[in-house]
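Please look over the structure below with its ring contacts in mind. The briefing that follows takes these up under a few topics.

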Amino acid sequence: EAVRRVLLLGEGNFSFAASLCGAAGTHVVATCYESEEEVCGRGRAAESIRRLREGGAEVVFSVDCTKLKDYFLPEEREFDCIYFNFPHCGRKAGVVKNRELLARFFHSSAEVLTEEGEVHVALCNGQGGTPADQPRREWHNSWQIVAVAAGAGFILSNVHPFKAETIHGYKCTGYRSQDKSFCIEGALNHIFTRSTPLPYFKPMICEIELESRKVSFQVPQILVDKINRGFLELNSNHPVQTVKEKLTAELNKAFPLQNIDCCLSLLHQGHLNGVCHSNIFWIILSPEESPSTEEMSNGVANAVLFSHVDFCKDTDKNDWMNVQEGCHISKQYYLRPSLLPYAQAIIQRAAFLPGTIHVLSGPVFRKCLISPYSMPVFHEVVFVCAVNRGTENSCIQMLVNSIKTSIHALHQTVSGSKLNINLQEATSFETTELNDFSAFESQLSEIQYFICMEIDTSGSCEKGSCVGIIRTELIGSELVVVFASLNLDLLAMLICGISDWRMLWTSDTRFLHQFPRGRLRLFKSFSLYPPSYVHDVSFWVPDGEQFDEVAFHTIARQVSGEMVVSIQLIDSFQQSETGRKSLCYRLTFQSCDKALSRQEVAEMQLLFRKEIKHHLRVALR
């Protein structure tokens with residue numbers, strides 16, 4: 001079995017290192033900043049050093065924690081764990097200097113740590129600046145350890161009390177660079193791990209079969225990492241697949257089932273009643289033969305993507321106006337915003353078996369405003385069943401009972417909190433109660449019922465979230481078709497306690513490792529207290545134009561790679577003399593799974609200003 005290499009930094013009297021020495025399968029390298037002569041004058045230091053050397057540990061003096069790779073040969077730089085207990089610049093150094101020390105230490109640690117390694121930093125009560133500190137210091141007066149670590153690509157994955165009394169022989173020392181102890185009551189050990197890097201998305205071409213021919217189109221940039229992820233494949237252990245499997249298995253007890261996922265195209269064509277054009281990802285293909293992937297990647301395509309703000313060099317807003325006015329000769333396609341039109345097409349073709357539930361599922365795509373529960377892409381499942389007229393209410397009740405049973409069974413294995421699933425008539429549902437999912441479904445068609453899920457918990461999940469809709473349609477004089485549509489992503493989030501939809505799409509393997517095949521668990525975040533950064537932007541709106549807030553949010557999603565978690569209008573005014581309107585928005589940047597530094601956010605904000613000026617024609621202030 002491989003030996004675990006542990007590096008200890010800033011040891012005062014080596015008593016902490018001595019307590020670790022002799023652990024099976026561990027090789028300890030204990031270091032301090034001072035020379036051997038200085039250290040050996042401290043109480044008990046010489047005894048600890050002797051014990052370490054006798055136990056086979058390495059002891060190294062005069063080690064600068066900001067230049068670690070200088071002290072180890074290349075083959076010795078792979079440490080599994082680095083400990084730095086109570087770092088300090090010495091004497092009366094303030095928070096700014098200690099932040100700088102930590103920043104340089106984290107950058108240095110990244111050069112000598114294994115990919116799966118951990119960095120442990122113990123700080124006195126309040127220094128870290130996280131909600132784990134009790135009482136918590138004001139942010140500006142703390143060491144801002146999570147933000148500082150993010151600058152070197154680390155995320156805080158765990159934090160727990162530093163219990164000195166459980167460490168045999170440990171005695172803290174070094175108060176103001178002297179051989180004196182200091183108060184460590186309420187101290188915390190912060191455990192950092194490497195983050196996956198911020199993604200850089202190259203333009204992506206998607207090739208699909210459409211109307212019996214192969215076509216290529218450029219994927220809107222904000223969806224590049226979300227196309228063809230395979231979450232609903234049979235061997236997937238993703239929570240959305242587990243939820244779908246449980247739902248269909250329960251329904252299969254009451255109805256015969258038929259899956260019809262394979263024939264559903266990503267692109268849809270035709271008019272969608274009541275749906276706002278700015279909520280759709282438009283794909284415009286010329287009527288000629290579609291271009292090759294090579295042509296598309298070289299930018300000389302005769303097929304153009306235009307998604308209002310999915311930026312294409314060859315397209316401007318006038319092309320979009322032409323499409324709206326019906327002047328454009330190209331066929332209009334868009335990424336499917338719902339599976340309901342496909343379900344309706346099955347009914348129209350009479351390609352259904354009465355009494356059988358037909359199951360359609362897959363990702364759907366919608367532009368929407370930014371919020372923790374508003375998803376530009378999610379997995380929808382639609383259940384379609386044709387029944388004899390007059391029996392539709394009992395069919396709806398059986399459907400809802402099966403849905404309730406399966407969700408209750410999943411939730412019971414995950415959490416002890418109380419779960420309620422209610423069927424609410426659309427007529428009694430307040431417009432203000434609609435979430436992003438149900439509001440869009442209401443635009444598509446007339447809805448009879450909303451399926452609402454409420455979790456009685458002190459957690460952060462929404463209460464009374466609409467997770468599905470039910471509607472009926474009369475076919476001929478004898479048959480009624482019942483459609484039930486569910487948002488699988490929202491269901492998975494509510495059941496597993498996932499408070500941010502972006503986590504479902506993370507590339508970090510620590511997410512899926514929490515969900516063994518076919519089982520759901522309460523999600524435990526591997527990135528705690530991620531830092532947030534606030535930037536304001538103010539501008540004049542073009543005269544005579546309605547400001548497109550969805551387009552504004554979509555640009556923010558794109559330039560930040562979904563790192564903007566909130567956009568708030570904080571001020572607006574109109575000049576009485578000219579009638580010009582000015583808006584000021586506050587953007588909050590925060591990642592749920594990756595290290596995000598202040599510098600990276602500053603670059604995103606600069607790019608955001610540039611893009612809204614170019615694409616929304618605003619005049620920045």
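Phenylalanine 14 is buried, with a relative accessible area of 0%, where buried means under 20% relative accessible area, exposed over 50% and partly exposed in between (1.4 Å probe, protein chains only). Phenylalanine 61 also counts as buried, at 14% relative accessibility. This is a predicted model, in which local features need pLDDT of at least 70 and side-chain atom pairs count only at pLDDT 80 or more, while totals for chains, interfaces and linings use all residues. Residues are numbered from 1 along each chain as its sequence is written, and side-chain values use heavy atoms, with hydrogens and water left out.

**Aromatic pairs**
- The whole structure holds 22 aromatic pairs, a pair being rings of Phe, Tyr and Trp (its six-membered ring) whose centres lie within 6.5 Å, with planes under 30 degrees apart counted as stacked, over 60 as edge-to-face and the rest as tilted.
- Phenylalanine 14 and phenylalanine 61 form an edge-to-face pair, at 5.9 Å centre to centre and with 65 degrees between the planes.
- Phenylalanine 16 and tyrosine 83 form a tilted pair, at 5.5 Å centre to centre and with 55 degrees between the planes.
- Both phenylalanine 16 and tyrosine 83 are buried.
- Ring pairs also join Phe84, Phe105, Phe106, Phe154 and Phe192 into a cluster.

**Charges over rings**
- The charged end of arginine 5 sits over the ring of phenylalanine 79, 4.5 Å from its centre, the criterion being NZ of Lys or CZ of Arg within 6 Å of the ring centre and within 35 degrees of the ring normal.
- Arginine 580 lies over the face of tryptophan 540, at 4.4 Å from the ring centre.
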